[in-house]
Amino acid sequence: MGTTSIVLTGFMGTGKTTVGRMLAARLNFELVDTDLLIERKAGKSVSAIFQQDGEASFRQWEKAISCQLAGKPALVIATGGRLMLDEENAARLGAGNHVFCLVAEPEDIISRLAAESGQRPLLAVDNPSERVRSLLAERALGYGQFPQIQTSGRSVDEIVEEVLKCISAI
Ligand code: S3P
């Protein structure tokens, strides 16, 4: 299957990191989680960046990280939910790589995220479920530009198998 890197995009709670970890293990690739990389470089959590420096500052970090990772082989890159919706980031990270968008039913996303809304600054609102639905609607076209992998009702193993099948068919 070569060493072409794989980029996983998709809304929060669609399983990018979990799927990415297993995919990386299967391919013997390195897993890079862009949120974790940003936290390491910034020396603070994503929530702290949003709170102290503002969302625009976080988006600048995402741009910097996309530049840094562009063109690197043998990576599985689990991106933050909006990173690939930025045209420049998508052009940079998408070039020469396989990009897949993980999708899930809104109800699944809401229940998966319920336990960890504290880690998602965009969902630190009075009605997180409503926010999930409105963000999904806002981003539908953006996510729609990438090949979609359904995660609802499927095991991580099944999802990884589908990604591997897609890659070997390319
Ligand atoms: C965001 C998704 C988060 C993180 C940040 C913003 C978004 O990543 O980058 O909270 O705008 O969708 P995950 O998709 O890994 O939760």
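**Reading loops, helix contacts and cysteines**

Colleague: Where is the place of L123?

Modeller: L123 sits in the loop between helix 6 and helix 7. The model is a predicted one, and that applies to everything below.

Colleague: Does L123 count as buried or exposed, and at what relative accessibility?

Modeller: The cut-off for buried is under 20% relative accessible area. L123 has a relative accessibility of 3%, so it counts as buried.

Colleague: How are two packed helices described?

Modeller: The description uses the angle between their axes together with the distance between the axes. For helix 6 (residues 106–114) and helix 7 (residues 128–144), the axes come within 10 Å and cross at roughly 135 degrees. That angle makes helix 6 oblique to helix 7. The crossing of helix 6 and helix 7 is right-handed.

Colleague: At what angle do the axes of helix 4 and helix 5 cross?

Modeller: The axes of helix 4 (residues 55–69) and helix 5 (residues 87–94) cross at roughly 15 degrees and come within 9 Å. Helix 4 is therefore roughly parallel to helix 5. Their crossing is left-handed. On helix 4 the contact is made by E62, K63, S66, C67 and L69, and on helix 5 by E88, N89, R92 and L93.

Colleague: How do the residues of the contact of helix 4 with helix 5 divide into nonpolar, polar and charged?

Modeller: The contact of helix 4 with helix 5 has four charged residues, three nonpolar and two polar.

Colleague: C67 was in that list. How many disulfides does a search of the whole structure find?

Modeller: A disulfide is a covalent bond between the sulfur atoms of two cysteines. Here the search of the whole structure finds zero disulfides. For C166, the nearest cysteine sulfur is that of C101, 13 Å away. The cut-off for a disulfide is a pair of sulfur atoms within 2.5 Å. C166 is partly exposed, at 25% relative accessible area. C67 is partly exposed as well, at 43%.

Colleague: Which residues are in contact with H98, leaving aside its neighbours within four places in sequence?

Modeller: With those neighbours left aside, H98 is in contact with T4, S5, I6, V7, I167 and I170. H98 is in strand 4 (residues 98–103). Its relative accessibility is 13%, so H98 counts as buried.

Colleague: Which residues of helix 3 are buried?

Modeller: V46, S47, A48, I49 and F50 are the buried residues of helix 3. They pack against helix 2 and helix 4. After helix 3 comes G54, with a positive phi near 95 degrees.

Colleague: Where does S45 lie?

Modeller: S45 is in the loop between helix 2 (34–42) and helix 3 (46–53). With a relative accessibility of 33%, S45 counts as partly exposed. S45 and G10 are 35 residues apart along the chain, and their C-alpha atoms are separated by 20 Å.

Colleague: G54 is a glycine, with positive phi. What phi does N28 have, although it is not a glycine?

Modeller: The phi of N28 is positive, about 60 degrees. N28 is in the loop between helix 1 (16–27) and strand 2 (30–33). The cut-off for exposed is over 50%. N28 has a relative accessibility of 71%, so it counts as exposed.

Colleague: What is the phi of A74?

Modeller: A74 has a phi near 55 degrees, again a positive value in a residue other than glycine. A74 lies in the loop between helix 4 and strand 3 (75–78). Its relative accessible area is 21%, so A74 is partly exposed.

Terms used: Residues numbered from 1 in each chain as written. Predicted model: local features only at pLDDT ≥ 70, side-chain atom pairs only at ≥ 80, totals over all residues. Heavy atoms only, no water. Axes fitted to C-alpha atoms, helices over the stretch in contact; angles between N-to-C directions. Helix = DSSP H or I, 4+ residues; strand = E, 2+ residues; numbered from the N terminus. Parallel < 35°, antiparallel > 145°, perpendicular 65-115°, else oblique. Left-handed = near helix turned anticlockwise from the far one by under 90°. Contact = heavy atoms within 4.5 Å. Nonpolar A, V, L, I, M, F, W, Y, C, P; charged D, E, K, R; others polar. Buried < 20%, exposed > 50% of the residue type's maximum accessible area, 1.4 Å probe, protein only.
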